[in-house]
Amino acid sequence: MTPKNTTDAEDNPLGVLDEAASLDTAGIGILGATAQVSVTLPKDEDDDLADDGVVDGEVVGELVIDPPRVEEQASDARPVETPAVAAPRIVRPSSEKVIDAVVVETPETPETPVVVEVTDDARDQAEEAAVAARFLARASAEAPPSPSTSAPVRTSVEKENRSVSAPEEKKTVISQSTRTTPRTDVTLTSKRLDDLGESSRESADLLTADRLLDPHRVAKPEPEGAWSHFLYTISGRRINIGDGRRARERKALSARIAAPLAGGARFVPVLSRKGGVGKTTITALLGMALADAREDRVIAVDANPDRGTLAERIVRPHHSKSVRDLVRIHDDVKGYHDISAIVARDATRLDVLASDSDPRVAEAFSDSDYRDVAGVAAHYYSLVLTDTGTGIVHSVMSATLDLADQIVIVSGLSVDEARLASETLTWLETNGFAEQAREAIVVLNQSTPGTPLVRLNELESHFATRARSVVRVPYDPQIAGGGTIVFANLLPETRIAARELAALLVEGLRARAA
């Protein structure tokens, strides 16, 4: 190193010593750096610098830089915010031993710390170096932050006991590093994983039409309704405003009827305490409305111990099989084909199991027979409707009510018929079927033409206080004729009433299951 006042100072890459009044307070300058550090050397009369390290008032030494090494951060170190600071070069005489090291990590090369060794023979000189390092950290913290530093720089003082030349010597490490917050990537996963558990693979059922097809290029179905269809036709099938109001209401009612029913078969008996009120007719209408809108199987069983007429109202009279045939083979039924040979089916896909037409054996259909039939029907049908016959104390009624999931009570539009229907609810409440009575559906069936003599609003108000729902079924001449009922040929208001009854039944069964 050359003196500061020589002309070759600019060509020397090493640092120089400022001129000072005494050797004990020498200033160390850094050329080409952004900071300076001053080191005050302790006074020692036997300092080797007095003889060998002084040339014309200047101290000449060499800079020793050890290979890079990674130091562990002490747990008691306190981070201090500081901008980027150039590593100081400290000059020492070559005759001294290395006991202290200062490690400074610069922002330019944060992964490779620069180790500069500061030497002295005394232990207190290491403490002086630590004081100088803390002073440098405070000075750097008070300086304005460098605009080139994109992340905060933290400086910490780390102390570590290392054996260099003596067991009692101690090494003080100052590390400066740049830390950034790790970035958390968002991983997109498929909606449904496959059996291998790989989130990047989708199953085939995710390839739906709603996902793949462009809705602007998919042709809408032909609209229903007079005005909508007329506009669609005269525009050359280019203007499709959708279904009319009645079509939308009809489709919404169909959706209510077709709602899925979880679990096993549901049993729905149709009751009345007086004959001639239309119990068999309501059973037929309800079964047709259910079978016409639903995808699963629906069966109507004529469990009248007397001569029942349910099959005659639904299918033509040529069918000869009856419930007695199913009772005989109920242990040998292996599949639906065994039942299909006994039941009859109408145009709505409603299966009907007729009662025995022989009056001599009709009374033999008992409680146990009904349970055998119900056990077979429960394996192949989702809904089992039962026409129970007149009264509620006959031989089949006990099993019918025990299996009932929901009850339908039919009342005629006269004073005595309405009173008997209300008494039926009372009998159910007092004989262990109070819950079924509260959830029952009461049907007010008009079997004669013209305006009824009773006030229907008063009847509805009364039964609404005792049952869950009340439905009116208007007079229909096809039904009044007593022949086979064709669901498609009924009056529109009759079909709507039957479908509303079916929708209320399905909603009640779903609410009970929930």
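Tyrosine 380 belongs to helix α9, residues 367-380. Helices (H or I, at least four residues) and strands (E, at least two) are DSSP runs, numbered from the N terminus. The model is predicted: local features need pLDDT of at least 70, side-chain atom pairs count only at pLDDT 80 or more, and totals for chains, interfaces and linings use all residues. Residues are numbered from 1 along each chain as its sequence is written, and side-chain values use heavy atoms, with hydrogens and water left out.

Threonine 386 is in strand β15, residues 383-387. Buried means under 20% relative accessible area, exposed over 50%, partly exposed in between (1.4 Å probe, protein chains only).

| Residue | Relative accessibility | Class |
|---|---|---|
| Tyrosine 380 | 18% | buried |
| Threonine 386 | 0% | buried |

Contact means heavy atoms within 4.5 Å. Leaving aside residues up to four places away in sequence, tyrosine 380 touches Arg297, Val333, Lys334, Gly335, Tyr336 and Ile339. With the same exclusion, the residues touched by threonine 386 include Val268, Tyr370 and Thr400. The side chains of threonine 386 and tyrosine 370 also form a polar contact of 2.8 Å; such a contact is a pair of N or O atoms within 3.5 Å, and within protein one must be able to donate a hydrogen and the other to accept it, while residues adjacent in sequence count only if both atoms are side-chain atoms.

Strand β15 is part of an open, mixed sheet of 8 strands, ordered β13-β14-β12-β15-β11-β16-β17-β18. Two strands pair if DSSP finds at least two bridges between them. Strand β11 (residues 266-271) pairs with β15 in the parallel sense over 5 bridges.
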